[in-house]
Amino acid sequence: MNAPHEPDELLTIGEMSRRTGVAQSALRYYEDLDLIASVRTTGNQRRYARHMLRRVSLISVAKRLGMPLSDVHDAFGDVPMDSTPSHADWQRASRRWKLQLEERRRSIERLENELTGCIGCGCLSLKACALLNPDDALASTGAGPRRLEGIHDNGDSAGDEL
């Protein structure tokens with residue numbers, strides 16, 4: 001049986017990596033993005049509070065779902081990093097995150113509907129579709145998927161317009 005852990009126990013970066021399955025380089029990156037925090041020993045080694053395990057685990061789940069780290073940062077906005085978050089702290093973050101997830105779901109559904117219509121028309125041209133974009137009228141409004149405003153993209157506008 002494992003000994004109980006103290007809430008203020010600090011974990012090394014290696015321990016954090018083993019417990020969460022997240023690479024040490026990713027942990028350092030998350031720290032650079034202010035998603036997690038560590039304290040430094042006198043030898044300048046990182047130490048993570050045990051409560052960071054939950055944050056890292058939630059970040060991992062969000063990444064698996066394709067959520068941008070900026071959305072995770074926003075959701076965790078006022079969840080303290082310098083002390084163990086309370087139930088109320090996590091409830092507030094949960095409500096914020098739920099709103100973000102609902103918007104993301106609506107965006108995905110809009111994309112699914114647009115793709116079904118466009119691919120279903122059979123013209124195979126997303127750039128000059130006679131049904132959804134007659135005479136390529138949207139080209140003058142700018143690059144990228146003009147009809148799908150509000151859908152998060154990865155910043156790559158090199159693809160065809162929808």
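Keep in mind that the model is predicted.

**Stop 1: the whole chain**

Start with the chain shown as a cartoon.

**Stop 2: surface and interior**

How many of the residues count as buried? Of the 162 residues in the chain, 31% do.

Hide the surface again and think about which parts of the sequence meet. Taking contacts between residues at least 6 apart in sequence, 54% join residues at least 24 apart.

**Stop 3: helices α1 and α3**

Next, select residues 13–20, which form helix α1, together with residues 52–64, which form helix α3. Two packed helices are described by the angle between their axes and the distance between the axes. Here the axes come within 10 Å and cross at roughly 50°, which means that α1 is oblique to α3. The crossing of α1 past α3 is right-handed.

**Stop 4: the side chains where they meet**

On the α1 side, pick Met 16, Arg 19 and Thr 20. They meet Met 52, Leu 53, Val 56 and Ser 57 of α3. What kinds of residues make up the contact of α1 with α3? Colour them by type and you will find four nonpolar, two polar and one charged.

Notes:
Residues are numbered from 1 along each chain as its sequence is written. This is a predicted model: local features need pLDDT of at least 70, side-chain atom pairs count only at pLDDT 80 or more; totals for chains, interfaces and linings use all residues. Side-chain values use heavy atoms; hydrogens and water are left out. Buried means under 20% relative accessible area, exposed over 50%, partly exposed in between (1.4 Å probe, protein chains only). Contact means heavy atoms within 4.5 Å. Axes are lines fitted to C-alpha atoms, for helices over the stretch in contact, and angles run from 0 to 180 degrees between N-to-C directions. Helices (H or I, at least four residues) and strands (E, at least two) are DSSP runs, numbered from the N terminus. Angles under 35 degrees count as roughly parallel, over 145 as roughly antiparallel, 65 to 115 as roughly perpendicular and the rest as oblique. A crossing is left-handed if the near helix is turned anticlockwise from the far one by less than a right angle, and right-handed if clockwise. Ala, Val, Leu, Ile, Met, Phe, Trp, Tyr, Cys and Pro count as nonpolar, Asp, Glu, Lys and Arg as charged, and the others, Gly among them, as polar.
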